[in-house]
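Thanks for coming. Let's take a quick look at the next structure on the list.

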Amino acid sequence: MTTQPESADARRRALLHPDQVRVYPLDFPATVPQLLHRAVERFGDLEVLVTADERVTFAEIDRRSRLLARHLVAAGVGKGTRVAILLPQGPAWVEGFLALARIGALSMCVNTFLKPPELRRVLRHADAQFLLAPERLSGRPTGAFLDDVSPGLSVAMEPSREARLPDLPYLRSVFIVRPDDLPHEPIDDELLDAMEAQVSPADWLVTVYTSGTTSDPKAVIHTHGTEVRHSANLVELRGLSPAWRMFAVLPFFWIGGLMYELLPALHSGAMIVTQERFDPAGALDLIERERTNSFMGYANARERIMSEPSYPERDLRDVPFLPPLGTPPVDPRRFHNSLGMTESNGPHTMGAADTFGVPLPEEHWGSFGPPVPFVEHRIADPDTNETLPDAEEGEICLRGYSVLTGMYKREREEVFDAEGWYHTGDRGYFRDGLLFFTGRADEMIRTGGSNVSPREVELALELAPDVEIALVFGLPDPVRGEVVVAGVVPARGAAFDEGGLLDGLRKELSSYKMPTAIVELAPDDVPFGVTGKAERRKVAVTLQEKLAARA
């Protein structure tokens with residue numbers, strides 16, 4: 001397909017007048033369909049996705065996503081249609097995402113670890129009209145799983161029938177993605193080409209769900225232009241090429257999987273090696289077989305791989321991210337880190353590739369790197385919103401081409417301040433052009449790379465009739481960063497039963513949200529302030545003391 005570049009001299013203008021260019025410049029239209037066509041032209045015969053039992057080239061994922069897109073249009077999906085993706089990590093997920101992008105539909109990325117009550121809340125919030133699903137979910141036939149989400153939802157799996165459910169009022173069809181066995185007669189290629197030509201950089205591409213400080217779902221919206229440009233910017237900073245073979249733990253349904261793995265691979269020709277479900281022994285099999293040379297995952301996943309019993313016997317001589325056992329640990333403060341979040345489309349600070357692994361001078365230890373080009377930063381006084389000078393700590397605010405377009409079902413004034421800045425809730429300061437991150441301003445728990453809302457876990461605990469008060473905290477952990485712990489005041493006359501409470505939570509919450517411990521609190525252990533709210537800092541201290549006494 002022949003297309004005109006978005007701006008033939010965009011890169012030249014960026015070099016000559018960088019202050020007049022507000023976005024990362026590209027020499028092709030900044031949409032996922034155009035990025036995919038370009039990837040096929042450049043890397044068609046190279047492998048883009050490798051799993052334990054499947055190998056897929058760029059040309060093949062193009063063919064598969066094109067066929068699925070033609071079937072989806074025939075089923076009623078069009079530009080702007082809200083489609084939830086509940087597909088496993090691997091080729092099926094990528095095929096679904098690319099098919100929707102080619103049509104101009106809005107991908108609503110759904111966490112595949114959600115339990116039925118959690119999935120119901122997300123699908124309702126998303127106003128999802130279609131759901132892409134595999135033939136089995138959580139080891140069960142998809143129909144049985146969906147009826148636990150909402151009784152009668154499995155009806156929507158039949159091509160000739162639609163759901164009409166008050167608790168999921170917009171959801172009509174569940175589209176089961178089966179290889180080479182799709183239910184609708186597809187539209188022709190000419191019509192799909194015409195649809196792709198109408199996809200613009202300004203179109204909404206994806207909503208990514210992330211935990212807020214309340215139990216309500218929080219869906220961050222990014223456009224085609226945002227995703228394609230920022231991933232290209234990060235590819236340049238990271239120095240990606242077809243020589244990269246990434247072992248990918250980050251799920252595609254979160255921003256890390258999109259911005260560190262999938263879209264960068266389309267730009268660079270890099271290979272993604274991944275698993276449907278992370279398993280340390282299987283991960284080592286893939287790493288050893290494919291000779292992967294980079295790791296896209298959280299520290300706790302890497303630690304689990306190195307703790308696998310067979311690790312010492314593995315041939316990992318040319319795998320740079322897995323050192324021999326007994327290798328002295330390196331203080332991570334000595335090297336640039338990077339800082340990012342779903343709302344910033346991944347990293348908004350990062351050092352260039354030639355700084356990776358280069359020790360910092362001691363005065364810069366703990367740096368989270370310089371700003372990513374074209375992203376604006378300011379440090380705001382959390383009380384007055386005034387901009388603070390260098391070396392003064394405050395709230396990190398962002399503005400620029402890579403920052404979210406908005407949040408689903410939230411007005412702009414709820415998301416940005418009057419000058420268009422997004423307040424991240426992260427605290428830090430700049431010194432010598434480098435960002436130093438000092439912590440979160442809110443109470444969000446960050447455990448093993450995932451965000452957990454304390455209030456969501458508290459609400460699940462409060463469903464138990466034997467619980468009077470539930471308070472949930474994140475406590476420091478050397479591997480996961482933080483772990484989820486809970487304190488519970490039993491209802492009057494009720495016995496405290498930690499095992500029973502944990503069993504109940506497993507039916508309501510994903511595994512990463514589960515408390516590692518639930519501690520009994522007396523009513524006097526929970527003081528309340530003048531506003532009627534529990535004094536959480538005092539409760540956290542009491543909780544830690546009780547945990548220490550149990551150890």
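**Surface first, then the fold**

The protein exposes about 24,500 Å² (Shrake-Rupley method, 1.4 Å probe). Carbon and sulfur atoms supply 51% of that area.

A word on the source. This is a predicted model, where local features need pLDDT of at least 70, side-chain atom pairs count only at pLDDT 80 or more, and totals for chains, interfaces and linings use all residues. Residues are numbered from 1 along each chain as its sequence is written, and side-chain values use heavy atoms, with hydrogens and water left out.

Now the inside. Of the 551 residues, 54% are buried, meaning under 20% relative accessible area with a 1.4 Å probe, protein chains only.

Next, the fold. The protein has 15 helices and 25 strands; these are DSSP runs, H or I of at least four residues for helices, E of at least two for strands. The radius of gyration is 24 Å, close to the 24 Å from the globule rule for 551 residues, so the protein is as compact as a globular protein of that length. That radius is taken over C-alpha atoms, and the rule is 2.2 Å times the number of residues to the power 0.38. Along the principal axes, the C-alpha atoms fill a box of roughly 70 × 60 × 60 Å.

One local detail. Strand β14, residues 339-341, pairs with strand β15, residues 346-349. The sense is antiparallel, over three bridges; pairing takes at least two DSSP bridges. G340 has P347 in β15 as its bridge partner. Four residues sit between the strands of this hairpin, and N345 takes a positive phi near 65°.

Notes. Buried < 20%, exposed > 50% of the residue type's maximum accessible area, 1.4 Å probe, protein only.
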